[in-house]
Amino acid sequence: MSRHLSICAAPALAAALAVASPAVVQAAKHEPHPGTGKAELSYKGAPSAVPPESAVVPGAPEGVPPLTKAEFEEAKKIFFERCAGCHGVLRKGATGKPLTPDITRKRGSAYLKAFITYGSPAGMPNWGTSGVLDERQIDIMARYLQYDPPVPPEWGMEEMKASWKVIVPPEKRPTRKMNNYNLDNLFSVTLRDAGKVALIDGDSKKIINVVDTGYAVHISRLSASGRYLLTIGRDAVINLIDLWMEKPDTVAQIKVGLEARSVETSKYKGWEDKYAIAGTYWPPQYVIMNGDTLEPLKIVSTRGMTVDTQEYHPEPRVAAIVASHQHPEFIVNVKETGHVLMVNYEDIDNLKVTTIGAARYLHDGGWDRTHRYFLTAANKSDKIAVIDSKTDKLVKLIEVGKIPHPGRGANFIDPKYGPVWATSHLGDENIAVIGTDPKGHPQYAWKVVRMLKGQGGGSLFIKTHPKSHHLYVDTALNPDAKISQSVAVFDINNLEAGYKVLPIAEWADLGEGPKRVVQPEFNKAGDEVWFSVWNGKEQRSAIVIVDDKTLKLKAVIKDPRLVTPTGKFNVFNTRHDIY
């Protein structure tokens, strides 16, 4: 269930239902989510990783049509799988509108059933006419939404320590590198549906190990020294992998919550590898850990007031976290409240946190080329927030396209505007190019200096490299297979010329399947670009490698162990924030 259940929508919906003809209903069957593109839905509609059975069942409120225990459990499962991604676990509202009982009980069962069945032009999916939910399930959901939201359990120090495992203690680990791999050119590749990562030697293109991790690893990060690789699954399981071992593998593991996206380590001079930090979607908090064991040391809640309406939000999820190069600080994006937290880790017993008001809903972002300014997407606000990590202040909020999704973004020298950073978008085909040089090019700094036109919406990642003059833009969530299975490449020295299309999935030659092409990533030398061809779980996937100079196919990695590859993280580039 997605966006926009609002009181003001009631008359419009009633009118729409009153005149709904069989032809309209039939049309709705072919357009399952009116008002919202497939790319946007693919992004917003991801299921919550919170186990439905973990949420406490509230009592039946007075005046609300009852549910049996079995019906309640079924509704809870549907909600966590289809609705929580937009409306939040507590139904307080996220990218979708609130569905709290004070609103839903006023609407009543008949209204809610109609809304769930037909959806709305504002983006609420038509779960009934699209055939996703049947009449019985819709009736259950209409009653369920009038109950108080069941609350998943908290996950504090006791639960974290119970899940914490040190598989190889630091004193028993190698004192020097025990393998002959070129670790700087190692790639950590997420095998999304397998719950693993593949460690691939970038020189030989061979898999050197497949490591069991949490489910659907969201990111891999490197410690400042480059020795430890950290992964975090959507189920909030973190693996600490020692790359110095003869065969790199997990040396410590912990589960820091029920759902998560971000992990990072301390990088400031003198603090290298000392701490790790992870942020969770549920419970809404972050935890600082020992860098070489993952022992949890300090847990901090992110619940608080929103940046704009100054209202309390019980479920502000932690999105991206990056380590500052200017101070011993972690930069923590809090999604629903729209705050950027500068967490100083010099004294974690007396933690100092500077709160910077930005905009909702903060997501991911990356550094400018000087590693001083952090540019981060507030994707529901269609803005990029610029944070000065030296002064710990907001520099500017910049209007861009619809739902910016930069990943880390892309830094390059624009022939006309000087140093710039770019982001693509989920909601439209634009690539926003922003000036980032307040000293050398002050007239362009923190302004959109170009808006390039790409293949279409549904872009997740954009990438270039200091040694490349190409800018690669994926469109993995675009509903058009030709677009989702290829990438656009711009010549940075001639951006006005438009883009060239590389048929990445065709080059992989995999046969049937969705074959979405996602996340360009450079090797250390900056002369190869790796792409994941993300196919169905039961179908063959691949990694396609392109020669950056010629834009020709260089290699294809196919292996039965490459199940649904998505994100790829080159050790050197990730460790040094090169993008």
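A salt bridge is counted here when a side-chain nitrogen of Lys or Arg lies within 4 Å of a carboxyl oxygen of Asp or Glu, and by this rule the count comes to 27 salt bridges. The model is predicted, so that local features need pLDDT of at least 70 and side-chain atom pairs count only at pLDDT 80 or more, while totals for chains, interfaces and linings use all residues. Residues are numbered from 1 along each chain as its sequence is written, and side-chain values use heavy atoms, with hydrogens and water left out.

**View 1. A salt bridge joins D139 and K113.** The N to O distance between the two side chains is 3.4 Å. D139 belongs to helix α7 (residues 135-144) and K113 to helix α6 (residues 101-118), so the pair ties together parts that are 26 residues apart in sequence; helices (H or I, at least four residues) and strands (E, at least two) are DSSP runs, numbered from the N terminus. D139 is partly exposed, with a relative accessible area of 24%, where buried means under 20%, exposed over 50% and partly exposed in between (1.4 Å probe, protein chains only).

**View 2. A salt bridge joins D212 and K196.** The closest N and O atoms are 2.6 Å apart. D212 lies in strand β4 (residues 207-212) and K196 in strand β3 (residues 196-201), so the pair ties together parts that are 16 residues apart in sequence.

**View 3. Four strands form an open sheet in the order β31-β32-β33-β34, with antiparallel pairing.** Two strands pair if DSSP finds at least two bridges between them. Strands β31 (516-522) and β34 (553-557) stand at the edges, each with a single partner strand, so one side of each is left without a neighbour in the sheet.
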